[in-house]
Amino acid sequence: MLTRIISGAVGAALLAVVLYFHDTVLLPIAVAAMIAVMLFELLRAVKLHKCLPILISAELGGILIPLVYAFTYYGDQTELFSTVDFYSVPFEAAVPEARVELFGWSARPADLIFVITVAAAFAIFVTWLRRHKQIRYEQVFFVLACMVLVPQAMTTMIRIERMDSKNGLFLLIMALCGAWIADTGAYFTGVAIGKHKLCPEISPKKTIEGFIGGILTTAVVYAVAFSLYFGFTPARAAIAFVTGAFCAVVGAIGDLSASMVKRQIGFKDYGKIMPGHGGLMDRFDSVLFVLPTFYAFIALFGVQ
């Protein structure tokens, strides 16, 4: 237990440092490092971490994506995300075309990311063709799926932080808390009144009561937090409440999905980088699903 507490404290301290310097290059570098570790843990799960061509291709294809966003200029998006009536502001007028600016060279980030992802996938397919007797198709497509999901989801941290120069840090903290608040609410509700198992074959300790408790806890915390930070209006509180509820549901799906992979593979934990907690995938499995969900809600409805 002491090891778990110390490990958790160290992890929280490192996250606090990254969030404190959120408006510097430290955030993209930290996200890239997390992506690298998470991809390694996933490749290890399907026994491809020792295949260097696939490992290098997947890792490069993953860590370059947040670095692309580090050099991207989006313009001022404050007006776009400062109103519940999102569609009242024309997108083209509110957000100038994002460009990657590096050493005088400019390109659209979506185009650059597409090229990076296709190049990495091509290298993986070539390796599969050369080693088709040792590598099975389900391993390859698992890696390809992870190479797309993990970098895109984790890079959403940067996109959320850059939504608003004044409120980006608050939004990023709320996005991360969307998963962890649900876990806390589900745990205490499950301990207090949990009786009916949610998915006993995948996660024996999770209960239906805990699942509902996690949803309500996140929804209420979101409604209160956004109302206190931006000022209360019925529309703002309602959208924040719904956003929190959806984040809790999606986070639970992410947690169960990662647990199901471990069950089918026969792993207890994805890694050992956090003693007592497992790997980064064990800590961020639900976050992978919550970050894009949170971003989608505030992009569509302007939660602020």
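Is D255 buried or exposed? I find D255 buried, because its relative accessibility is 13% (buried means under 20% relative accessible area, exposed over 50%, partly exposed in between, with a 1.4 Å probe and protein chains only).

I note that this is a predicted model, in which local features need pLDDT of at least 70, side-chain atom pairs count only at pLDDT 80 or more, and totals for chains, interfaces and linings use all residues. Residues are numbered from 1 along each chain as its sequence is written, and side-chain values use heavy atoms, without hydrogens and water.

Salt bridges. I looked up pairs with a side-chain nitrogen of Lys or Arg within 4 Å of a carboxyl oxygen of Asp or Glu; the count comes to two salt bridges. D255 pairs with K206, with the closest N and O atoms 2.8 Å apart. This pair links distant parts of the chain, D255 lying in helix 9 and K206 in strand 5 (residues 203-207), 49 residues apart. Helices (H or I, at least four residues) and strands (E, at least two) are DSSP runs, numbered from the N terminus. K206 is partly exposed, at 26% relative accessible area. I also recorded R136 with E138, where the closest N and O atoms are 2.6 Å apart. R136 is partly exposed at 48%, and E138 is partly exposed at 37%.

Helix packing. I checked helix 3 (residues 52-70) against helix 5 (residues 109-130): their axes come within 8 Å and cross at roughly 175°. Axes are lines fitted to C-alpha atoms, for helices over the stretch in contact, with angles from 0 to 180 degrees between N-to-C directions. Helix 3 and helix 5 are therefore roughly antiparallel (angles over 145 degrees; under 35 is roughly parallel, 65 to 115 roughly perpendicular, the rest oblique).
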